[in-house]
Amino acid sequence: MEQLAQDKQKEIDFFDGHAAADSYDVFTPESNIRLIKTCVRLAGLKLGDRVADLGCGSGVFTELLYRQGYNAVGLDISPELIRRGRTKFQNIEFFEGDVENLPFASASLDGVLLSGLVHHLPDPSRCAAEVFRVLKPGSAFVAFDPNRMNPFMYLYRDRSSPFYSSVGVTENERPVLAHRVAAVFRSVGFNVDTDYISDLSYRYVASSKIRWLLPAYNALDRLLFAPDFMKPLRSFVLTFGRKP
């Protein structure tokens, strides 16, 4: 039977371990900017909006939001990554916390970014309910997560794949199916839609055995999934929704 509760201590231990080298910034700077601009567009954010970056790590996306003119705050379960974020970006507020029990008042946020977070939750329903609670009416969330329908994500990162690698992932995480994530957020009251994105160039993967393949993977990802009919197979699912 599939695990339904997140082992939070394993998440903390895993990401605290990455904090020393700050190595979990996996995309190139150009890809980071493209991803954040896409999320901002889907959420319909306005300059000055108070936006929480959940699963912020050491604050790479939080700082990008801040630089683009948003009142961005970051939250992560890893105390070491939060400590690093506070050191690197001293003009941004960071919280150590759990997405299933957010430290924000109800209806206090204009937007929420779930930064590669939902796929770490075997059951994201509590997180979805908390996101709904903290958003103001009319405000929106955006989540991005690896797509189980993408052949590369499935083969390398899904536990049912014969080529699954556990290097660089926690036991909690698994690529998502878009319709399942949408259904969870819809069930708590959001009006939900789905989009997809590829051509996010990696600069780091945990496994040294396949790191040398990154240029080839980045090129293949860019070419194979560019046509519109390949959208549902792109490497990342973008789930976004508005609170009525």
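The following is a conversation about how the descriptions of this predicted model are reached.

Reader: How do you know how many helices and strands the protein chain has?
Author: Helices (H or I, at least four residues) and strands (E, at least two) are DSSP runs, numbered from the N terminus, and on that basis the protein chain comes to 8 helices and 7 strands.

Reader: Why is the protein chain called as compact as a globular protein of its length?
Author: The radius of gyration is taken over C-alpha atoms, and the globule rule is 2.2 Å times the number of residues to the power 0.38. For 244 residues that rule gives 18 Å, and the radius of gyration of the protein chain is 17 Å, which is close to it, so the chain is as compact as a globular protein of that length. Along the principal axes, the C-alpha atoms fill a box of roughly 45 × 40 × 40 Å.

Reader: What makes a residue buried, and what percentage of the protein chain is buried?
Author: Buried means under 20% relative accessible area, exposed means over 50%, and partly exposed lies in between (1.4 Å probe, protein chains only). Buried residues make up 56% of the 244 residues in the protein chain.

Reader: Why is β2 described as largely enclosed?
Author: Of the 6 residues of β2, 5 are buried, so this strand is largely enclosed by the rest of the structure. Strand β1 (residues 50-54) is mostly covered, with 4 of its 5 residues buried.

Reader: How do you know that β1 and β2 pair, and in which sense?
Author: Two strands pair if DSSP finds at least two bridges between them, and β1 and strand β2 (residues 71-76) have 5 bridges, in the parallel sense. In β2, the bridge partner of A52 is V73, and that of L54 is L75.

Reader: Why is D145 called buried?
Author: D145, which is found in strand β5 (residues 135-146), has 1% relative accessibility and therefore counts as buried. Contact means heavy atoms within 4.5 Å, and, not counting residues up to four places away in sequence, D145 touches G116, L117, V118, H119, V176, S235, F236 and V237.

Reader: What makes L113 a buried residue, and which residues does L113 contact?
Author: At 5% relative accessibility, L113 counts as buried, and its place is in strand β4. Leaving aside neighbours within four places in sequence, L113 is in contact with residues that include A52 and L54, and among the others are I36, C39, F61 and V142.

Reader: Why is S78 called buried, and where does S78 lie?
Author: S78 has 0% relative accessibility and so counts as buried, and its place is in the loop between β2 and α4 (79-88). Not counting residues up to four places away in sequence, S78 touches F15 and D16.

Reader: Why is G57 called buried, and what does G57 touch?
Author: With 12% relative accessibility, G57 counts as buried, and its place is in the loop between β1 and α3 (60-67). Not counting residues up to four places away in sequence, G57 touches D76, L81 and I82. By contrast, G57 and L220 are 163 residues apart in sequence and 28 Å apart in space, C-alpha to C-alpha.

Reader: Why is A107 called partly exposed?
Author: A107 has 36% relative accessibility and therefore counts as partly exposed. A107 lies in the loop between β3 (93-96) and β4 (109-115), and has a positive phi of about 55° although it is not a glycine.

Reader: What makes D199 partly exposed?
Author: At 28% relative accessibility, D199 counts as partly exposed. D199 lies in the loop between β6 (191-197) and α8 (214-224), and its phi is positive, at about 60°, although D199 is not a glycine.

Conventions
Residues are numbered from 1 along each chain as its sequence is written. This is a predicted model: local features need pLDDT of at least 70, side-chain atom pairs count only at pLDDT 80 or more; totals for chains, interfaces and linings use all residues. Side-chain values use heavy atoms; hydrogens and water are left out.
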